[in-house]
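User: I would like to learn how to read a model like this one, feature by feature. Please give the general idea and then the case at hand.

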Amino acid sequence: MEKYHPDAVDSSSNPFLRYAAQVEEIKANALEDAVAEPSVAVAFIRAMFADTTEAPIYICTLPNDRHDRKEPVERSARTNVGSRIRSFIDKWDRPGRALYFCTGIVERDAKREKANIVQTVGLHADIDFKDIDDTRADVERKLSTRLRYPPSILVFSGGGVHAYWLFKEALDTQANIERIESALRQLADVVGGDLQVCEVSRLMRLPGTHNTKHGAWTEVQVINETGARYELDDLEEWLSEQSPIILRKSREPAKTAGQDNVYLQYAREHAYKPLIDVEQRLTNMMYMGGGENSIHTTQISVTASLLNRGVPIDDVVAIVMGATRAAAGEYGKHWNWKREERAVRKMSETWIKKHPEVEQQPPLAQEAEQEYPPVKVPVEIIMATPYKWVDPKTMPRRDWLYGRRLIRRYPTATIAAGGTGKTSLLIAETLAMVSGQPLLDQRPSDRLRVWLWNLEDPREEIIRRVQAGADLYGLNADDIGDRLFLDVGREKPLIVARMLPRTGVAIIRPIVDALIAEIKRREIDVLIIDPFVSCHQVTENDNNAIDSVVKQWGRVAEEGNCAVELVHHVRKGEQEVTVESARGGGSFGDACRMVRVVNRMTKQEAQAAGIKDSQRAYFRTYIDKNNLAPPAEASDWFKIESIDLGNGPNGPVGGDSVGVVTTWNYPKPLDGMTGADFERVAAAIRSGQWRRDSQAASWVGYAVAKALELDLLNEAAKAKVKGLLKVWLGTGSLVVVRRQDPQRKAKDYVEVADDA
């Protein structure tokens, strides 16, 4: 076979030829690196990244003074080739500028920002000498000798120390970003680091270059390299137990948990008698304390003491977590509290397994102070009911009203962030149900009677959306009939529960009873409450209170013989919305039989689908909790179409524009694929040695793209290739084989199943 020469043909139109040209260039640079003396910067980059990723590294230069018009703004390069790194440094390492590298791997051709970081190779800390009392010698000594897990690499930055804790394997950043950034903040508190750098796309000074601030010419040097590699799980556990070894000049003074009297407060609220030893231990617990007063040691002893007395695990966790938050003080803002709670719960569960002889009692069984005499319950009203055998063929079917989501006599929930299109979706579904038509590809069981109670928007706005939807779907007044009922909170507020100071949750029975009576009178099939937060006045974070409210809606569904849909908001800052994203206590999702979540289309999803217009017009839904219907594997996609109401001064155009939800199909990897297409892919894979790692130069995706004539520079085509590989690997058409590469390192290769 004639050897391929990248300059022999025009490679601009063929992605495989472009890839081949890149490979030839990489080989040439590798040959040059093999004979060249490695620089400090190149050696550092390899120590940081080479063992865990083959992706190019983002390096850049910035002016010291961003207002200096004589100096160009940020200039960058993406490479792991030594000769290119040296050339970049030779050009830009000069007075008035600084050179940096990004701690995370930036997605190819994407802007350096958090959302585009695809891999993280470790944790980092930036310790600035001006912000601490310790000298450089003190900092280096403490980092090297006083930590259970010392840094893998220490760098002198010219004005401080940069420390790196490298992972054994690079992590998927977007899947672990909350864990990584929480660990970065905790690490900064431990070593007196700058909290501003605690994010995954951070730039750090590149060793082998110079810090030229304030006219200086100070070399950025590698102080120490241990070669140590860590698991993120181990670092998280260590950070949850480690007290600070270097303190910032500006900090909140350490305090004990007892200053907030957390245990006594909880004991009063839940009617526990004080346990003197536990009270004392929690009072003395201190974040920067040592020995028995340290947080971890106190947690272990207190959980054991409380559990030994029969205190339920939930109460133990609440007590210990409250005291831990108090002891952490200002530092607690940077902790991963979800992980901390899981650790305390796991600690408690482990103790229970080791001590099965200890009987766990209900909260008030052993140590409650009874303010009232016990109520005498007649024994005859508590009787076990014998089970009666039933022929399953004679049982009535579940009364599904709309698809496999709304069911008579049960509450169902929709959880979504604001502005995603949830209200427009509900109105489109309402029109489908009252008209009996499959407007969104779901056929209602019949023409249903729907009561939509919007507690947020004015009536005229809801009417605009209803009429716009009817216009798009070609519905008229006869299609709606007398089956749609609309009320709004601005005219008729609906409050079914309040929180009272002494007795807690109070269900407003007259309101609930009147609601049930009207549902029966109007023969309502579906009641929609939007949003849930506006139908009650109880504490959102009180699980018991929220559970009581949702249970009342269950009673409405049961006695009214209808389906109830509760629309709920999410906590701020949520990325992917799940059932756990619901505002307030987790009991909301637990009390609903089925929970649907709504998510906006992400930037990555838009690129993969080839969306050219605004991605905000697209969203997807799926059932995140499904006790009654089969599991939903794929999301249902929707698009918001803009409809002009024709109410402008010039007639049909120029009026109010209203969004109406329509169905939309997200492209699937196998769309348009045939058996012949796979055979071409199989032949391409057999022709070479292809890696599973998408960052590798010999990624199997290049073979797939060549066979199918897809341009990997196109995001939609790239996503299709990745989707095809996922499908074929999942079905076993392709398999992963672990073997050594030419450098004798174990790597994952992809082969055709029949050949493996």
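Analyst: Accessible areas here come from the Shrake-Rupley method with a 1.4 Å probe. On that basis the protein chain exposes about 38700 Å², and carbon and sulfur atoms supply 49% of this area. Keep in mind that the model is predicted.

User: How many residues does the protein chain have, and what percentage of them count as buried?

Analyst: The protein chain has 756 residues, of which 48% count as buried. Its secondary structure consists of 21 helices and 26 strands. Among contacts with a separation of 6 or more, 69% are between residues 24 or more positions apart.

User: Where is confidence lowest in the protein chain, and where is it highest?

Analyst: Where pLDDT is low, the predicted coordinates should not be read in detail. The protein chain averages a pLDDT of 82, and 83% of the residues score at least 70. Confidence is lowest in helix H7 (residues 262–270), with a mean of 45, and highest in E6, at 97. Two further stretches call for caution. Over residues 1–13 pLDDT stays under 50, and the model has twelve contacts beyond four places in sequence for them. Residues 626–633 also stay under 50, with 13 such contacts.

User: Which residues have the most contacts inside the largest nonpolar core?

Analyst: In soluble globular proteins, nonpolar side chains tend to be buried together. Here the largest nonpolar core has 40 residues, and those with the most contacts inside it are Ile-415, Leu-527, Ile-529, Phe-532, Trp-553, Val-556 and Phe-588. Elements giving two or more residues to this core include strand E14 (411–416), strand E15 (450–454), strand E19 (526–530) and helix H16 (543–560). H16 gives the most, with seven residues.

User: What does Phe-588 touch, leaving aside residues up to four places away in sequence?

Analyst: Phe-588 touches Ala-413, Ile-415, Phe-532, Ile-546, Val-550, Leu-566, His-568 and Ala-582. There is also a second, separate core of 37 residues, which includes Trp-165, Tyr-230, Leu-232 and Trp-238.

User: Is the pairing of E15 with E19 parallel or antiparallel?

Analyst: Strands of a sheet pair through backbone hydrogen bonds, either parallel or antiparallel. E15 and E19 run parallel and are joined by five bridges; Asn-454 stands opposite Asp-530 in E19. E19 and E20 also run parallel, joined by four bridges. In E20, Ala-563 is the bridge partner of Val-526.

User: Which residues of E19 lie on each face?

Analyst: Val-526, Ile-528 and Asp-530 are on one side, Leu-527 and Ile-529 on the other, and all are buried. Both faces of E19 are therefore covered, since buried means under 20% relative accessible area.

User: In what order do the five strands of the open sheet run?

Analyst: The order is E4-E5-E7-E6-E11, with antiparallel pairing. Strand E4 (104–106) and strand E11 (221–225) are the edge strands, each pairing on one side only. Direction ignored, neighbouring strands are turned by 30° against each other on average. Strand E6 (residues 153–156) pairs with E11 over four bridges, and Phe-156 has Gln-221 in E11 as its bridge partner.

User: Which helix packs on this sheet?

Analyst: Helix H5 (residues 173–191) packs on the sheet, touching strand E5 (117–128) and strand E7 (160–172). The direction of H5 makes about 10° with that of E5.

Notes. Residues are numbered from 1 along each chain as its sequence is written. This is a predicted model: local features need pLDDT of at least 70, side-chain atom pairs count only at pLDDT 80 or more; totals for chains, interfaces and linings use all residues. Side-chain values use heavy atoms; hydrogens and water are left out. A nonpolar core is a set of buried Ala, Val, Leu, Ile, Met, Phe, Trp, Tyr and Cys residues joined through side-chain atoms within 4.5 Å. Buried means under 20% relative accessible area, exposed over 50%, partly exposed in between (1.4 Å probe, protein chains only). Contact means heavy atoms within 4.5 Å. Two strands pair if DSSP finds at least two bridges between them. Axes are lines fitted to C-alpha atoms, for helices over the stretch in contact, and angles run from 0 to 180 degrees between N-to-C directions. pLDDT is the predictor's confidence in each residue, from 0 to 100.
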